[in-house]
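Below are some notes for a colleague who has not seen this structure before. Please read them with the model open.

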Amino acid sequence: MTINKNYPKSFSHIGITVPNIKEAVKFYSEVMGWYIIMEPSVVKKEKETAIGQMCIDVFGNDWKEFEIAHLATSDGIGVELFSFSNGIKEAPEFNPFNTGLFHFCVQDPNIEELITKILSYGGKQRMPIREYYPNDKPFKMCYVEDPFGIVFEIYTHSYELTYSSGAYSK
């Protein structure tokens with residue numbers, strides 16, 4: 001018997017930089033329903049604390065302080081929100097062709113209602129809702145933006161069901 005040591009790693013969290021931490025916490029908790037694990041707080045650049053030193057290691061020396069908040073999805077994935085006073089407050093141009101993080105995806109069976117809520121909070125719908133397998137499977141998707149210009153996708157069904165050949169087959 002061979003033991004496969006290359007097991008699938010689980011997803012822990014994603015970090016998102018936003019222009020206004022309080023508005024972002026409001027959007028992601030009220031629209032997405034994500035749990036607030038840690039309210040917005042200030043992290044200062046200081047070598048005397050573990051968090052201060054860790055942030056210097058990550059961000060370098062060109063900052064004095066930033067705000068951070070922690071949220072979690074229904075399945076325990078963390079969402080770390082950052083807001084830097086010295087950062088650019090506009091979202092970068094959407095360019096999925098360049099190397100880097102392209103988007104994240106959330107799942108909600110009521111895609112229409114979620115999009116309506118995103119729009120009511122100042123977000124955008126980037127495309128019509130599309131069906132992956134019209135007339136075969138009830139799977140829908142859509143790309144949207146939060147009010148800060150961060151692009152993400154919505155699926156109505158899990159990733160595994162969407163792409164597995166046996167899911168909902170006739």
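1. Phenylalanine 59 sits in helix 2, where helices (H or I, at least four residues) and strands (E, at least two) are DSSP runs, numbered from the N terminus. With a relative accessible area of 32%, phenylalanine 59 is partly exposed. Buried means under 20% relative accessible area, exposed over 50%, and partly exposed in between (1.4 Å probe, protein chains only). Phenylalanine 59 is 14 residues from lysine 45 in sequence, and their C-alpha atoms are 9.8 Å apart in space.

2. The model is a predicted one: local features need pLDDT of at least 70, side-chain atom pairs count only at pLDDT 80 or more, and totals for chains, interfaces and linings use all residues. Residues are numbered from 1 along each chain as its sequence is written, and side-chain values use heavy atoms, with hydrogens and water left out.

3. Phe59 also belongs to a nonpolar surface patch of about 370 Å², together with Ile51, Met54 and Val58. Patches are made of residues with over 30% relative accessible area and no salt bridge; like charges are joined within 9 Å, and nonpolar side chains (Val, Leu, Ile, Met, Phe, Trp, Tyr) within 5 Å. The accessible areas come from the Shrake-Rupley method with a 1.4 Å probe, and for residues only the protein chains shown count as cover. Methionine 54 is placed in helix 2 (residues 50-59) and is partly exposed, at a relative accessible area of 45%.

4. For the overall layout, the protein has four helices and nine strands. Along the sequence they follow the pattern β-α-β-α-β-β-β-α-β-β-β-β-α. The C-alpha atoms fill a box of roughly 60 × 55 × 30 Å, taken along the principal axes. Of the 170 residues in the protein, 34% are buried.

5. How many salt bridges are there? The count comes to four, a salt bridge being a side-chain nitrogen of Lys or Arg within 4 Å of a carboxyl oxygen of Asp or Glu. One of them joins glutamate 67 to lysine 22, with the closest N and O atoms 3.7 Å apart. Glutamate 67 lies in strand 3 (residues 65-72) and lysine 22 in helix 1 (residues 21-30), so the pair ties together parts that are 45 residues apart in sequence. Glutamate 67 is partly exposed at 25% relative accessibility, whereas lysine 22 is exposed at 56%.

6. Glutamate 65 is partly exposed, with a relative accessible area of 34%, and lysine 44 is partly exposed at 47%.

7. The side chains of glutamate 145 and arginine 126 also meet in a salt bridge (2.4 Å, N to O). Glutamate 145 is in strand 8 and arginine 126 in the loop between strand 6 (124-125) and strand 7, 19 residues apart. Is glutamate 145 buried or exposed? Glutamate 145 is buried, with a relative accessible area of 11%, while arginine 126 is partly exposed at 36%.

8. The largest pocket holds about 880 Å³ of space. Of the 29 residues that line it, Thr73, Asp75, Cys105, Val106 and Gln107 are the closest to its centre. On a 1 Å grid over the protein atoms alone, a pocket is an open set of points where a 1.4 Å probe fits, with protein on both sides within 12 Å along at least five of seven lines; lining residues have an atom within 4 Å of a point. Grid points are joined across faces, edges and corners, and the volume is the space filled by probe spheres set on the points.

9. Which elements give two or more residues to the lining of the largest pocket? They are strand 4 (78-84), strand 5 (104-107), helix 3 (111-120) and strand 9 (151-155). Strand 5 gives the most, with four residues. The lining divides into 15 nonpolar, nine polar and five charged residues; Ala, Val, Leu, Ile, Met, Phe, Trp, Tyr, Cys and Pro count as nonpolar, Asp, Glu, Lys and Arg as charged, and the others, Gly among them, as polar.

10. Asparagine 135 has a positive phi of about 70°, although it is not a glycine. Asparagine 135 is found in the loop between strand 7 (130-131) and strand 8 (140-145), and is exposed, with a relative accessible area of 71%.
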